[in-house]
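Biologist: Please take me through what is shown below, and set each value against the definition of its term before you conclude anything.

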Amino acid sequence: MTHLHDLSPSSSLLFGLALGFLATTASSHFLLPLISHPHDQPPSSSSIPDIKIGVEGLIGNTPLVKIKSLSAATGCTILAKAELQNPGGSAKDRVALAIVERAEQEGLIRPHSGDVVYEGTSGSTGISLAMICRAKGYTAHICLPSDTSTEKIDLLERLGATVEKVPPAGIVDKRQYVNMARTRAAERNALPGGGRGLFADQFENEANWRAHYEHTGPEIYSQTGGGKLDVFITGAGTGGTISGVSRFLKPRVPGLTVVLADPPGSGLFNKVKYGVMFDVKEREGTRRRHQVDTLVEGIGINRVTRNFEIGRPLVDDAVRVTDEEALAMARYLVEHDGLFVGSSTAVNCVAAARYAKKIGPGHTIVTVICDSGSRHLSKFWKAAGEVSRDHELELDEILNMSRS
Ligand SMILES: Cc1ncc(COP(=O)(O)O)c(C=O)c1O
């Protein structure tokens, strides 16, 4: 074996240059242990902390990013948990993994045995479940409303999920997509022999809020230097995020205010503010085709789910955000920050900015970037219109929209 001190000055220089070249072209984390211990076997990937094991290893530990424009315009520090950086593009990766792992622990499903995971979802959960099922040896069967955006359906199919489109219907209808998924799982379980069916049930399954209690909440706590935040603000679909994060943070962060950001047509705003589930758009005779009539996807609901209820007593306040405000905020974040976000994130950011103005400068507000705008091109972003090249929208123009 050649030692560095055996080499002549010129060959030592060449050796050094070669080492430098290798060290800059290969990953330093991988190469340097080999150089310092030449007789060692290459370390196994699982013993190197920076190497993630499989797609599951890429889930969580998302960054917390300061939104510069909103922080400057409000005088508060507005931070966002960048959940779009999960491998499936949203926080639902955490939930899908938790649901599947819990079912495995309970012996309800087993990899590569023909078991199928069923879910009714028009949103990101289907994509996350399809990804996790692929990675772990299951088939995902996703029931969704037939008017779900084409990019989501395409993505599910590319991930190998079975996609079942059902006509849009209310939750009391047996053919509603969540009910349909439950039925399909039961049908599979009733078949003699063959694989089993698991109904993932993200709205009621407690693995959902627990994933945020065990991971998202603690991550926010440590990323804010041990819970140095004043407000946590986010929308609720299943309620898993707001409940899990609040249950973790509230007992650990004295004075923390938890705020719900709610889109039009959702009953949660009234539930938080007045204890009743009623929205003016839901009056008899005025009900539109969809239960929650808004361009915003993923948040807003007209029933209290188990995942929302578990954190509801910890939610202190609610902010209503119109579609017009959310669309303008989506353009604003591109114009000022180059941030291309989806509809629920736009709602979160309007609510965060409005709350910042309400409580005044000097506070730290944490919200969530739920997913990227690329999931919302054919619906929300189509309605958002052109991003301006010369006129940058001002925050006050957005916050005053509902007053004009
Ligand atoms: C894009 C998007 N944002 C936000 C949410 C809301 O998260 P949660 O279900 O934890 O309330 C969802 C839920 O489906 C979603 O799909």
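Biologist: What makes the end-to-end distance of helix 4 agree with what its 14 residues should span?

Modeller: At 1.5 Å a residue, the 14 residues of helix 4 should span 20 Å, and its end C-alpha atoms are 20 Å apart, so the two values agree. The expected span is 1.5 Å times one less than the number of residues, and helices here are DSSP runs of H or I with at least four residues, strands are runs of E with at least two, and both are numbered from the N terminus. Please keep in mind that this is a predicted model, in which local features need pLDDT of at least 70 and side-chain atom pairs count only at pLDDT 80 or more, while totals for chains, interfaces and linings use all residues. Residues are numbered from 1 along each chain as its sequence is written.

Biologist: How many helices and strands are there in the protein chain?

Modeller: The protein chain has 15 helices and 10 strands. Of its 404 residues, 46% count as buried, a word used where 20 or more other C-beta atoms, placed from the backbone, lie within 10 Å of a residue's own, with exposed meaning 12 or fewer and partly exposed anything in between.

Biologist: Why is helix 4 called largely enclosed by the rest of the structure?

Modeller: Helix 4 is called largely enclosed because 10 of its 14 residues are buried; among them are Lys92, Asp93, Arg94, Leu97 and Ala103. These buried residues pack against strand 3, helix 5 (124–136), strand 6, helix 8 and helix 9. After helix 4 comes Gly107, with a positive phi near 75°.

Biologist: Which residues of helix 4 and helix 8 meet, and at what angle do the two helices pack?

Modeller: From helix 4, Arg94, Val95, Ala98, Ile99 and Arg102 meet Ala207, Asn208, Arg210, Ala211, His212, His215 and Thr216 of helix 8, where a contact requires C-beta atoms, placed from the backbone, within 7 Å of each other. By class, this contact has 5 nonpolar, 4 polar and 3 charged residues. The axes are 8 Å apart and the packing angle is about 115°, with axes fitted to C-alpha atoms over the stretch in contact and angles running from 0 to 180 degrees between N-to-C directions.

Biologist: What makes Leu64 count as buried, exposed or partly exposed, and which residues does Leu64 touch?

Modeller: Leu64, in strand 1, has 16 other C-beta atoms within 10 Å, a count between the two cut-offs, so Leu64 is partly exposed. Not counting residues up to four places away in sequence, Leu64 touches Leu79, Lys81, Ile220 and Gln223. Leu64 and Thr367 are 303 residues apart in sequence, yet their C-alpha atoms are 9.3 Å apart.

Biologist: What is said of phi in His112 and in Asp201?

Modeller: Phi of His112 is near 55°, a positive value in a residue other than glycine, and phi of Asp201 is also near 55°. Most residues other than glycine have a negative phi.

Biologist: How do you know whether His112 and Asp201 are buried or exposed?

Modeller: His112, in the loop between helix 4 and strand 3 (116–120), has 9 other C-beta atoms within 10 Å, so His112 is exposed. Asp201, in the loop between strand 6 (197–199) and helix 8, has 22 C-beta neighbours inside 10 Å and therefore counts as buried.

Biologist: How do you know whether Ser266 and Val276 are buried or exposed?

Modeller: Ser266 has 31 other C-beta atoms within 10 Å and so is buried, whereas Val276 has 9 and so is exposed. Ser266 is in the loop between strand 8 (257–262) and helix 10, while Val276 is in the loop between helix 10 (268–274) and helix 11. Leaving aside neighbours within four places in sequence, Val276 is in contact with Asn270 and Lys271.

Key: Contact = placed C-beta atoms within 7 Å. Nonpolar A, V, L, I, M, F, W, Y, C, P; charged D, E, K, R; others polar.
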